[in-house]
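Q: I have a structure on the screen and would like to learn how to read it. Please take me through some features in turn.

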Amino acid sequence: MLLNQFLLLGAVLFGTGVYGVLTRRHTVLVLMSIELMLAAVNINLVAFGAFSGSVAGQVFALFVLTIAAAEVGVGLAIVLLIFRNLHSSDLDDVDVLKG
Amino acid sequence: MNPVFDWHALAPDVVLAATVLLTLVATFLLPDRDATQVSRIAAIGVLAALVPVVTLANDGADRAMFDGAYVVDNYALALKAFFLVAAYVTILLSVDYIQEGDYYRGEFYFLLLTSVLGMSVMASARDLITMFVALETISIPTFVLAAYRKHDRVSNEAGVKYYVIGVLSSALMLYGMSLIFGYAGSTRLAEIGAQVSAAGAPPLLAVAVFLSLVGFAFKVSAVPFHFWAPDTYEGAPTPVTAFLSVSSKAGGFVALLNIVFFGFYGVDGAGTELWWPVIWVLAALSMTLGNLAALRQTNVVRMLAYSSVAQGGFMLVPFAAAGIAGAAGDLGQADTAFGAVVIYLLVYGAMNLGAFAVVIAAARRTRSAEISSFAGLFQTSPTLAVLMTVFMASLAGIPPLAGWFAKFVMFQSAVEAGGAWGITLAVVAGVNSVIAFFYYAGVMRQMWFKEPAGEDRSEIEVPYALTGALAITAAVTLVVGVYPQLFARVGELAF
């Protein structure tokens, strides 16, 4: 029964993150929303790991944490680059190319 | 218990990792950060990593390590060889571009090879954690590479779009993976497959599989998850675009093959109903929308971007066919179809890198990526025009070039998978092959029947490195077209 509560928390966090990515236009807020999604992943992994008695879940969560940090490092560098060139970090202002 | 290290099996990745570190150290130690020297180190390192791949292929035994998380078999070796050769060609494409551009820095090769290392690990990954780490090792350096021209707004935009989509897709994929881990209680793909066959597929697993497939669909830029690709491809430096559209895309496909074939497929094709409808829809949409959008492009890089979306759709056709055949219980046919995906991937790599090599060579004179800038190329540089014709015709699937063989195995797998769904997919692919012919022929028409625009009618000088890249890609495109058994055998051995 306890597992469901963790999964529910994970799902709510994940949903919040997806909503943030889709509605926020500021790059830093988009990054934070993606971090929420990754936090949801970690809650899932640790909960499943703890309930099935396997360490793989916790190991996986550690890898997710580490790599997310590397990703955000690169991401903030790109945001800084854009801010220098455009004096804005709004995704709507990055519009030279038309998809 | 200590883990067993089979150093022979690990050798390709170890050599590559050592080269990655060496390029970084060399970048900082060499005077003026001499990128030409760094490019030589990178090229030699990539070729050195090919040596153990050949000796392992000669040896032929399957080697599994770390409790089955890392496997070196024929499938892994074929793909490692592909990634290494593609990396070598990409280095050849980049040498003069980086040297003559404003960003003459050796870090370029460090980032490029780090990404290649991720691909090489991905080919051997049989575990969710290993796959995730490999996928991020592929992706993170390419975010930086896309934004490499840092004072150029267009390149910035390419970087940020690629980054946001890339990170979002990883998050979706990870959420799917966390649910799969919860279902199977293990991160090993083999155990996930066993669990699918033993316990069947609850709705939760369908959601998990769907989420992880969507994550990978972003990586391989399948429609409707392709919208980042044209912008990123146009904005990034052209050699990086070639790398993204061939190696990085192939990395995504290998991830997809791993997780589907070794995991969701189940031991006996029990799990196929979970994923083939998703792949079927992605394939049909990618082919149709990719081709229709490519028809309208005036910029050759954007045209190649949409063309690569469409080619990705063609590659998904045998994938879906494998699922259809597996669901019908025809496991031999399913294996042939999986082999067809690998064959298409190898052929696509050669012809697409070749097309980009010609675009880079021609842009040295014209400084333009418009399709109209190819006007009269046959009069000024006949060799380049003939080579571009070869690559365009091969992408369109005209015999006797390699692209024809790739299309042939693709159609064969769809038709032999049979059923209404298999035949429908073959028909959609057939109609799309015809549409695709028009935009590839558009480039040929410019080269052969138009007058050159500028005053300068001398032949375009092609540097040595670029000549090498053109020679390798043209040789593969021609030889495999005439002698397709070469790659057909690889497809058979892999599965």
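Q: What should I know before starting?
A: This is a predicted model, in which local features need pLDDT of at least 70 and side-chain atom pairs count only at pLDDT 80 or more, while totals for chains, interfaces and linings use all residues. Residues are numbered from 1 along each chain as its sequence is written, with chains lettered from A and ligands numbered from 1 in the order in which they are written.

Q: How many helices and strands does chain B have?
A: Helices (H or I, at least four residues) and strands (E, at least two) are DSSP runs, numbered from the N terminus. Chain B has 19 helices and two strands.

Q: What radius of gyration does chain B have, against that of a compact globule?
A: The radius is taken over C-alpha atoms, and the globule rule is 2.2 Å times the number of residues to the power 0.38. For 495 residues the rule gives a value near 23 Å; chain B has 22 Å, which agrees. Its C-alpha trace spans about 70 × 55 × 40 Å along the principal axes.

Q: How does one check the length of a helix?
A: The expected span is 1.5 Å times one less than the number of residues. Helix H17 (residues 419-449) of chain B has 31 residues and should span 45 Å; its end C-alpha atoms are 45 Å apart, which agrees.

Q: Which residues of H17(B) are buried?
A: A residue is buried if 20 or more other C-beta atoms lie within 10 Å of its own, exposed if 12 or fewer, and partly exposed in between, with C-beta atoms placed from the backbone. The buried residues of H17(B) include B:Gly422, B:Leu425, B:Ala426 and B:Ala429. An α-helix has 3.6 residues a turn, so residues three or four places apart point the same way.

Q: Where is A:Leu13, and how does it count?
A: A:Leu13 is in helix H1 (residues 2-23) of chain A. A:Leu13 counts as partly exposed because it has 19 C-beta neighbours inside 10 Å.

Q: How many residues of chain B are in contact with chain A?
A: Two residues are in contact if their C-beta atoms, placed from the backbone, lie within 7 Å. On that basis, 35 residues of chain B are in contact with 34 residues of chain A. The largest share of chain B's side, 17 residues, comes from H6(B).
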